[in-house]
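Please read it alongside the sequence and the 3D structure.

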Amino acid sequence: PEPDYINVHDEPLPWLGPVLASVGHGHDPRLVAQVKTLFPSVFFDPGMTEGICRIVIGGPTDPGIDEIRKQRFPGRDWTELGAEGYFISHLGLEGRQTIYVGSNSAHGAFHAMQTLRQMLTDGMMRPVDLWDYPEVSRRGIAMGLHWFREGGAGRVAMERLVERKGNMIWNQGAYMGGKFSFGWREPFSKNDLHVMKQYLDQARNNFIDVHLSFGPRTRFTAEGCAYLDRYPTPQFSSRKEIETLVGKIRVLHELGYRNFGLNFDDLEHCGEDVLRHPADIETFSGDIGRAHAYFANEVFARLMSIDPDIGFMVIPLWYTSAGNHVSITASHKRNYLLRMRDLDPRIELHSVQVFTEDFTAFQELTGRPTFLWTNFFSMDKDTDFTLPWVSLFPWDDGTVTGFIFLPAPPDLATRRREDSGNVSWDSALGYAWAPSRYDPVTAFSRSVSRFHASGADGFRSHGADMREQ
């Protein structure tokens, strides 16, 4: 993504021979692993007394790093970098090259490693001063948990997220035998928990927060709806149902997960956009928005007694007043979204949007900040280069708390289900890193350039004309 400040100097200098490394931030093993990957011949020596090339990573309490900040970035303060920002100064002095990386945390230095990976090509790197930080605190993707099984496409998705400095994944869908959707009452097996622990460890090794969402419903498939008589209708007014879900979340919390949610997304496709359980119809007078708010509040209150630091989000049934679907009148949608005002203020709301008009309507009705999700890229299949992200939202007024997008899942065999030029990933996460610095044309151009540099064969869907463009 576009940095806040960059000044490139002189001609590229070769990085030859061994590299001496000093890794601060408690010698974080995730940073050590990145340095080893970046420099195959590296030695860790706190003294840093010999060697042609060296890399020094540290923070505000490291005098050498702080002195570099003062010299190379006058007037810039550590507070600007926040939790995930960083600076890089690559200097060639007295025949020795040194890369200084400064950050307030290991997470910021981890992002710096991704930038260095892009700048260090063929053993050469140009001296540079770079200052960078994200404008949005949470940036990521929405993807089904099943993609992250061992050897699956999720590994590629994780790598892409890391390269573009994303930091979260929202998991939603009918994976793991439906135990997060229509089978939400069923307990996890030992193998399920083993898989979940592996996934969590993989994410944490890359500074990525995982959000697991449950979607209480009776039927769900990726293609539409399949009626499954074995699953009873959810009863949102039932204490037993609430305790069942909390019990499953408690098990995941014991594994180490800290972010959860409820999704009432796409219920209209299965005819569950109205209350179906007789007790709920009576208790909530047929008001499904009231039922969903009650259920979410009760689950959340119990989770707070387990751990007050748990994060919790809700995706509502409807997103806008104008209507993203036509199966129900706009007044019903407005009434539903007004009910979302009843949610505990600590519960965050998702809004799946592309257009600012719908986003504004959503916020006016719910009266609360919104976590933004877009499906902008999910419909463009079997193409090399999709359009870059172009919609703009008001990030600077505190009304948006994060941004994720739904990518076409990587297809490791044929890559026929996604844009192989990765414009979607570059533009969505480039925008999320710093909306004020984002330019869609630049993002698109970089994707095309990298596609060429990778030696990709041909242009699958656009032919010779696109090659010239």
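## Strand 5 and its neighbours

V19 has C53 as its bridge partner in strand 5. The structure is a predicted model, in which local features need pLDDT of at least 70 and side-chain atom pairs count only at pLDDT 80 or more, while totals for chains, interfaces and linings use all residues. Residues are numbered from 1 along each chain as its sequence is written, and side-chain values use heavy atoms, with hydrogens and water left out. Helices (H or I, at least four residues) and strands (E, at least two) are DSSP runs, numbered from the N terminus, and two strands pair if DSSP finds at least two bridges between them.

Strand 3 (residues 19–23) pairs with strand 5 (residues 53–58), and this pairing is parallel, with five bridges. Strand 5 also pairs in the parallel sense with strand 7 (residues 96–102), here over six bridges, and R54 stands opposite T98 of strand 7. Six of the six residues of strand 5 are buried, where buried means under 20% relative accessible area, exposed over 50%, and partly exposed in between, for a 1.4 Å probe and protein chains only. In a regular strand the side chains alternate between the two faces of the sheet. In strand 5, C53, I55 and I57 point one way, whereas R54, V56 and G58 point the other way, and all are buried.

Strand 15 (residues 348–352) runs parallel to strand 16 and is joined to it by four bridges, with T370 of strand 16 as the bridge partner of L349. Strand 17 (residues 400–405) pairs with strand 16 over five bridges, again in the parallel sense, and G402 of strand 17 stands opposite F371.

## Packing of helix 7 and helix 9

Helix 7 (residues 239–255) and helix 9 (residues 288–306) pack at an angle of about 45°, with their axes 10 Å apart; axes are lines fitted to C-alpha atoms, for helices over the stretch in contact, and angles run from 0 to 180 degrees between N-to-C directions. The two helices are therefore oblique to each other, because angles under 35 degrees count as roughly parallel, over 145 as roughly antiparallel, 65 to 115 as roughly perpendicular and the rest as oblique.

The contact (heavy atoms within 4.5 Å) involves residues including I242, L245, V246 and I249 of helix 7 and F295, V299 and L303 of helix 9.
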